[in-house]
Amino acid sequence: MRRKEKEIIKQSEIDAVIHNSLVCRLGLCDGNVPYIVPLCFGYKEHAIYVHGASAGKKIDILQQNRNVCFEFDISAEIVKGEKACDWGMRYQSIVGFGKASFLEDSEEKRNALNIIMNQYSNRPFEFSEKAIARTTVIKIDIESMT
């Protein structure tokens, strides 16, 4: 990070940015072509969980390359100025890297889906076996973030 004086260092502050985010932007690499997808997510114990259909571009890419980049941001605010070059943005963000894996076990998938739902709601949810079976759940083990 270039502006070290603005860097968020405390893990509790990093966690707060993630927990207050609504969207995880997941960066993938399709050969030498980048691909970014915004996703609903859950975060717990240094891992990110996302879900989706069992087919599609995101799945195809992850089956070939498990390396990912992710981004979260909150509190975006335009900073106005007199001149065009004085304008800017104020926000907090986290960028990190990790390895994705597909969860196969029904109980692991159920737990991960509950982690995702806990990001957006405080109430418990039930998932049918049919829903669990047809949903792809991806765990991203975080390797680094800043």
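The model is predicted: local features need pLDDT of at least 70, side-chain atom pairs count only at pLDDT 80 or more, and totals for chains, interfaces and linings use all residues. Residues are numbered from 1 along each chain as its sequence is written, and side-chain values use heavy atoms, without hydrogens and water.

**Exercise 1.** Find which residues of helix H1 (residues 11-20) are buried, and where they sit around the axis.

*Solution.* Start with the terms: helices (H or I, at least four residues) and strands (E, at least two) are DSSP runs numbered from the N terminus. Buried means under 20% relative accessible area, exposed over 50%, and partly exposed in between (1.4 Å probe, protein chains only). By that cut-off, Ile14, Val17 and Ile18 are buried in H1. Next, take the directions from the helix axis to the C-beta atoms. The three residues cover an arc of only 95°, which puts them on the same side of H1.

**Exercise 2.** Describe the largest nonpolar core and name neighbours of Ile48.

*Solution.* A nonpolar core is a set of buried Ala, Val, Leu, Ile, Met, Phe, Trp, Tyr and Cys residues joined through side-chain atoms within 4.5 Å. The largest one has 25 residues, and Ile48 is among those with the most contacts inside it. A second, separate core of ten residues includes Tyr49, Leu103, Ile115 and Phe127. Back at Ile48, count contacts as heavy atoms within 4.5 Å. Leaving out residues up to four places away in sequence, Ile48 touches residues including Cys24, Phe41, Phe70, Phe72 and Ile142.

**Exercise 3.** Classify the aromatic pair of Phe41 and Tyr120 and say what it ties together.

*Solution.* Rings of Phe, Tyr and Trp (its six-membered ring) pair if their centres lie within 6.5 Å; planes under 30 degrees apart count as stacked, over 60 as edge-to-face and the rest as tilted. Phe41 and Tyr120 are 6.2 Å apart centre to centre, with 80° between the planes, so the pair is edge-to-face. Phe41 lies in the loop between S2 and S3 and Tyr120 in helix H3, so the pair ties together parts 79 residues apart in sequence. Phe41 is buried at 0% relative accessibility, whereas Tyr120 is partly exposed at 33%.
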